[in-house]
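Hi,

Here is the structure I promised to pass on.

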Amino acid sequence: MIQKATFAGGCFWCMVTPFEDQPGIHGIISGYMGGDVVNPTY
């Protein structure tokens, strides 16, 4: 069974490195969450 976890950080890419080589991780997506702006940018 695959489950989803959501983590927050100050930088998108700094949240990838700690997880990308861990066993059991099937995918990592960096981006914004929440808010009400469609396709937000920096």
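What share of the 42 residues of the chain counts as buried? The figure is 5%, where buried means under 20% relative accessible area, exposed means over 50%, and partly exposed is in between (1.4 Å probe, protein chains only).

Before the rest, the housekeeping. This is a predicted model, so local features need pLDDT of at least 70 and side-chain atom pairs count only at pLDDT 80 or more, while totals for chains, interfaces and linings use all residues. Residues are numbered from 1 along each chain as its sequence is written, and side-chain values use heavy atoms, with hydrogens and water left out.

**Overall picture**

The chain has 1 helix and 0 strands; both are DSSP runs numbered from the N terminus, with helices being H or I of at least four residues and strands E of at least two. Helix 1 covers residues 17-20. The C-alpha trace spans about 35 × 25 × 15 Å along its principal axes.

The largest pocket holds about 860 Å³ of space. Its lining consists of 25 residues, and A5, T6, F7, I28 and I29 are the closest to the centre. For the terms: on a 1 Å grid over the protein atoms alone, a pocket is an open set of points where a 1.4 Å probe fits, with protein on both sides within 12 Å along at least five of seven lines, and lining residues have an atom within 4 Å of a point. Points are joined across faces, edges and corners, and the volume is the space filled by probe spheres set on them.

By type, the lining splits into 15 nonpolar, 9 polar and 1 charged. Here Ala, Val, Leu, Ile, Met, Phe, Trp, Tyr, Cys and Pro are nonpolar, Asp, Glu, Lys and Arg are charged, and the others, Gly among them, are polar.

**Before the helix**

F12 and W13 both sit in the segment before helix 1. F12 is buried, because its relative accessible area is 19%. W13, at 55%, is exposed. F12 is 18 residues from S30 along the chain, yet their C-alpha atoms are 5.3 Å apart. W13 and I28 are 15 residues apart in sequence, with 10 Å from C-alpha to C-alpha.

C11 is in none, and the nearest cysteine sulfur to it, that of C14, is 4.0 Å away. C11 is partly exposed at 32% relative accessible area, and C14 is partly exposed at 38%.

**On the helix and after it**

T17 is in helix 1 and counts as exposed, because its relative accessible area is 54%. T17 and G31 are 14 residues apart in sequence and 14 Å apart in space, C-alpha to C-alpha.

N39 lies in the segment after helix 1. N39 has a positive phi of about 50°, although it is not a glycine. With 68% relative accessibility, N39 is exposed.

Cheers

Technical notes:
A disulfide is a pair of cysteine sulfur atoms within 2.5 Å.
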